[in-house]
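Reader: I have a two-chain model on my screen and would like to talk it through with you. Could you walk me through it?

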Amino acid sequence: MAKIDVSIETDEQPVPPPKHPNTCPVCHSHYRDDELEQSLWVCAHCGHHFTMRARARIDSLVDPGSFVEESADLHSEDPLGFFDLRPYVERLAEAEMSTGLADAMVTGQAAIEGRGCELAVMDFSFMGGSMGSVVGEKFSRACDSAAEHGMPLVTVTGSGGARMQEGILALMQLPKTVCAVEDLRDAGQAMISVMAHPTTGGVLASFATLGDVLLAEPGALMSFAGPRVVESITREKLPDGFGRAEQNLRFGHVDAIVPRPELRTTLSRLLRLFDAPE
Amino acid sequence: MPPSEHELRLRERLGRLRNMPLLGGAKLSGELDRLQRQLDRIRQQPTDEDIWRSVQLARHEERPYTLDYVERILDDWFELHGDRGSADDGAMVCGLGKLDGRTVALVGQQKGRDIQERTSRRFGMPNPEGYRKAIRVMELANTHGFPVISLVDTPGAYPGVAAEQHGQGGAIASSQAAMARLTVPTVACVIGEGGSGGAIAIALADRVLMLEHAIYSVISPEGCALILWRDAGEAKKAAAAFKPDAAHCLELGVIDGIVPEPEGGAHTDPDAAARLLTEALRDALDDLVDVPGEELRRRRAKFRSLGVFA
């Protein structure tokens with residue numbers, strides 16, 4: 001009987017990890033930090049999209065100086081006193097040190113080409129972008145803020161799923177964020193969801209797929225169960241590009257795949273269509 | 001030793017008190033302390049052994065499944081098949097029946113008894129088509145004012161290639177969203193395994209209950225052990241760490257009540273287990289049935305309050 005759970009893959013690595021973070025895992029081109037920054041972390045040779053940090057993402061999308069961060073001081077607690085090979089609090093402290101973030105999501109108000117919106121951007125570098133209580137709460141508050149200010153919500157996700165270390169409370173962030181989206185909808189505001197690599201597990205199965213418009217970055221893995229889980233439980237042979245953005249477009253699960261350099265313009269067009277305030 | 005009924009009632013009351021939004025006021029916190037001390041005296045936290053026992057009972061192969069309860073709880077059961085799109089998923093059963101003379105809609109995952117049924121029902125792991133069938137039936141119930149009962153019993157949503165191609169993640173999200181929009185009373189009960197996204201898809205309810213030896217978790221003990229300990233054999237350790245048992249779920253405010261099981265577990269006396277479940281469902285529905293539809297949407301506020309942060 002299959003007993004391995006299907007929804008969580010915080011350490012999913014669909015492409016073999018490169019030797020150096022600045023080396024393209026597809027074509028092995030190597031870049032200096034400033035070159036990657038210049039190209040928005042897209043490989044100039046083959047177009048591979050590297051993982052992008054939350055703050056860099058925000059800088060790449062919003063009008064300079066327009067971003068006003070919210071709920072920046074929210075920190076995770078350790079409700080279960082969780083201890084695997086290491087205590088959860090230690091993992092949290094380490095993630096905070098290495099990313100300079102309090103948790104895996106940054107939220108706030110901003111303007112994109114003059115149109116106001118609320119932003120909720122995930123950071124995969126913080127414990128695999130896993131969703132625990134803080135991510136759920138920040139997202140929930142972002143929905144309220146969008147409703148209050150009469151602005152659409154733009155989300156950018158990069159997450160392995162729910163944060164195991166918070167146990168059942170991590171699972172409860174799925175219904176929590178879903179309820180927040182439904183309240184936003186009732187307030188008449190739009191949500192535009194941008195799914196970056198990877199958007200899997202509990203984030204895919206909650207708010208990320210509930211946007212009015214769903215966008216994906218090229219090559220982004222967007223599957224509920226990770227490829228290794230699917231292979232090991234079902235012994236099915238995985239088709240090429242399994243779970244990737246391109247397959248999701250083919251099967252009708254996203255509206256468009258948007259290369260990173262075009263994302264800002266695309267969002268700006270959508271914000272105009274949804275009549276976001278100037 | 002299984003927890004006594006007295007203890008279960010105390011835990012339930014404690015859970016409810018903790019959930020009250022205005023808690024922190026002197027009167028209530030005094031009450032809370034008193035209850036907590038009482039509870040501590042009766043019994044310490046469930047031990048790692050207790051938790052593991054629940055994991056084993058929740059997956060016991062003779063444990064009553066959704067349809068075993070349906071035939072004991074509901075009169076005039078009429079099963080509804082198909083998602084009206086492309087398939088009928090045997091891992092999710094949906095239908096209408098009478099509970100105390102009142103028509104209700106029931107949705108729930110269904111495991112199989114023999115090899116053939118286990119395979120055809122995929123061990124209770126629904127495909128997106130199963131969730132879409134549940135959405136269809138819940139919306140039907142909403143149209144006609146029937147309360148919705150959901151019985152949760154799944155290791156998780158099915159992790160297959162076709163399931164992904166047909167939008168498993170989106171289907172689970174949509175099912176939760178559909179439940180968040182319902183204006184009829186909803187009661188969910190985890191009767192066996194409440195496995196992750198596959199479970200919460202049909203558990204966004206006004207009242208969430210768990211059978212005494214059910215488990216409800218973000219990941220299976222084996223899955224957690226494999227990822228965090230790199231060894232599925234450490235499942236017992238993992239279960240002790242993330243605490244999927246009913247008592248802990250109640251204390252964290254994730255569920256509203258625990259439904260007692262017959263001594264030794266539900267499988268020792270399915271009729272008695274069904275009677276206890278019927279009683280709990282009836283109580284929950286009686287509480288909810290006169291609440292106006294728009295107010296029922298306040299279930300969103302309950303779920304939006306879940307989480308621990310500083």
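This is a predicted model: local features need pLDDT of at least 70, side-chain atom pairs count only at pLDDT 80 or more; totals for chains, interfaces and linings use all residues.

Reader: What radius of gyration does chain A have?

Author: The radius is taken over C-alpha atoms, and the globule rule is 2.2 Å times the number of residues to the power 0.38. For 278 residues, a compact globule would come near 19 Å, and chain A agrees with that at 18 Å.

Reader: Which element gives the largest share of the side of chain B that touches chain A?

Author: Residues are in contact if their C-beta atoms, placed from the backbone, lie within 7 Å. The contact takes 63 residues from chain A and 52 from chain B. Helices (H or I, at least four residues) and strands (E, at least two) are DSSP runs, numbered from the N terminus. With nine residues, the largest share of chain B's side comes from helix 8 of chain B.

Reader: How many nonpolar residues does that side of chain B have?

Author: Ala, Val, Leu, Ile, Met, Phe, Trp, Tyr, Cys and Pro count as nonpolar, Asp, Glu, Lys and Arg as charged, and the others, Gly among them, as polar. Beside six charged and 16 polar residues, the side of chain B that touches chain A has nonpolar residues numbering 30.

Reader: Why do the buried residues of helix 13 of chain B line one face of the helix?

Author: Those buried residues are Ala273(B), Leu277(B), Ala280(B), Leu281(B), Ala284(B) and Leu285(B). An α-helix has 3.6 residues a turn, so residues three or four places apart point the same way. Seen down the axis of helix 13 of chain B, the buried residues line one face because they fall within an arc (of directions from the helix axis to the C-beta atoms) of 130 degrees.

Reader: Which exposed residues does the face turned away carry?

Author: Helix 13 of chain B covers residues 270-288. Turned away from its buried side, the exposed residues are Asp271(B), Glu279(B) and Asp286(B).

Key
Residues are numbered from 1 along each chain as its sequence is written. Chains are lettered from A and ligands numbered from 1 in the order in which they are written. Two residues are in contact if their C-beta atoms, placed from the backbone, lie within 7 Å. The expected span of a helix is 1.5 Å times one less than its number of residues. A residue is buried if 20 or more other C-beta atoms lie within 10 Å of its own, exposed if 12 or fewer, and partly exposed in between; C-beta atoms are placed from the backbone.
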